Amino acid sequence: MKEKGFTLIELLAVIVILAIIALIAVPIVIDIIEDSKREAKVRSAENYLKEVELAIAKENLNREFNPINCDIMFQTLYCDGTPLPVEVDGEIPESAHIYFQNGTITNAMLYMNPDYVVVKNGNDKLRISKMGEPHKITFTAENGTVAESSKELVVNSPAYLGGVIETFPSQEGYVIGSTTCTNGVTANVTTSPGTNYATPYIENVYSDAVCTIHYVKGHEITFLAENGTAPSEKYYGIGSVSATLTPSPNEGYAINSNNMSSVTCTNGVTVMPMMSGSLYVSLSNVYSDAVCTIHYEKGYEITLEGVNGTVTPNKYYAIENAYLNFESHPNEGYAINPMSSVTCTNGVNGYISGTGVNNYIYLYNINSDTVCTVTFEKAPKITLKSDVYSLQKTEFYGFNEYIMLSELGISDADSIPIYCDNGYGYFMNTSIAQMMYSLPEAFFNVSAYDGGTTCTIG
């Protein structure tokens, strides 16, 4: 009698069923093993902390011993720098930071082999995390709001600096006072001057947490001006305030940025002014409302002249240092060479930079009237071509040219390929243009110091 075996289809069916069971069971088993491993690590850490408190209690029988913190180095416990023997059965942390109050552990961070961290925060139960394990940080605001797009950050390390939070106070005059987080996480959130954007610095990230930004009423800073017009904006802060002001002196006057008394404030507020086109003011000791006065002084006259082209405006006033914004209008085939295009009389030195029509000169050693000559040089030719875009303009002249998308008739985009024969062609999208170059739109940056070049776009 013939024995009947399994058919091929039956064998395949059994294999598929076993594969499905394995697919379901293996992750469950892995999770069970991982959970068991974590529980063992937590028990070992908990046991070690109890033994540390016991060791300190025993030490107190012989002498007064109330350490503030203890650290493990080379599996030896050092409390306030003194080695302390700890008798423990089970795993000893590879390293640890333990903090005390009146002989009782308040906070602790224990690094368990191979890459686990067990954290104690106050009376909360011990929490365990794996190094590199992602945790979600959710931001909220008291007396303010956090933009929906930036409410959550995913952090993959115990300390994190980065990301951008867009946050707003609920009413004028409120500023960020502090930031508090759950689960032992700490955070410091400060906004960039004149914006609603902040970069958080987050530490002790060993679990998910909620961080609350606390807005509080700030101290009001107002500005007055001597020999000029004061800015109308009011600024608010606690401890420190940063403000970027547009100078508005009377004709013939200027800010002396080398004079620390060019801006003075009431009520003990101290100030450090810096000129970089705008007047940047950094205020300290802001613990009450204050009035700050900008003292414009009689400036030295600076006259700009153009060779092989014209510049406008052509008259400025400054003291010691100056950033002068001007428009350049070179003759056909000429351009500004940032390496060698400006010379001044009476010992004044400087350099020039530009973005096509809009340029600026930085001058220093301005201790007398001076005439500065902007020389437009015969420039390399930059030729653009594209099989993707219909370009409105294809020929430019320049040494380091910023070519705006609007000049070419190209719509805005996050990324546009460009290849130049000399290898020096780059695309800067709108966000980079605005943040790093103070330009309103995306552009191509093409350098041609070593001669003309042809660039392919798209």
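A search of the whole structure finds 1 cavity of 30 Å³ or more. Here a cavity is a set of points, on a 1 Å grid over the protein atoms alone, where a 1.4 Å probe fits but cannot get out. This is a predicted model, in which local features need pLDDT of at least 70, side-chain atom pairs count only at pLDDT 80 or more, and totals for chains, interfaces and linings use all residues. Residues are numbered from 1 along each chain as its sequence is written, and side-chain values use heavy atoms, leaving out hydrogens and water.

The largest cavity has a volume of about 50 Å³. That volume is the space filled by probe spheres set on the points, which are joined across faces, edges and corners. Lining residues have an atom within 4 Å of a point. Among them are Val117, Met131, His135 and Tyr206. The lining divides into 5 nonpolar, 5 polar and 2 charged residues. In this scheme Ala, Val, Leu, Ile, Met, Phe, Trp, Tyr, Cys and Pro are nonpolar, Asp, Glu, Lys and Arg are charged, and the others, Gly among them, are polar.

Now turn to the nonpolar cores. Such a core is a set of buried Ala, Val, Leu, Ile, Met, Phe, Trp, Tyr and Cys residues joined through side-chain atoms within 4.5 Å. Buried means under 20% relative accessible area, exposed over 50%, and partly exposed in between (1.4 Å probe, protein chains only). The largest core has 25 residues, and Tyr48, Val52, Leu77, Ile98 and Leu110 touch the most other members. Elements that give two or more residues to this core include α1 (8-62) and β5 (104-112). Helices (H or I, at least four residues) and strands (E, at least two) are DSSP runs, numbered from the N terminus. The largest share of this core, 7 residues, comes from α1. A second, separate core of 19 residues includes Phe223 and Leu283.

Next come the charged pairs. The structure holds 8 salt bridges. Each is a side-chain nitrogen of Lys or Arg within 4 Å of a carboxyl oxygen of Asp or Glu. In one of them, Arg63 meets Glu59 at 2.8 Å, N to O. Arg63 is partly exposed, at 37% relative accessibility. Another joins Glu301 and Lys315, whose closest N and O atoms are 4.0 Å apart. Glu301 lies in strand β26 and Lys315 in strand β28, so this pair ties together parts 14 residues apart in sequence. Glu301 is partly exposed at 25%, and Lys315 is partly exposed at 44%.

Methods:
1 Å grid on protein atoms, 1.4 Å probe; cavity = no way out; pocket = protein on both sides within 12 Å on 5 of 7 lines; lining within 4 Å.
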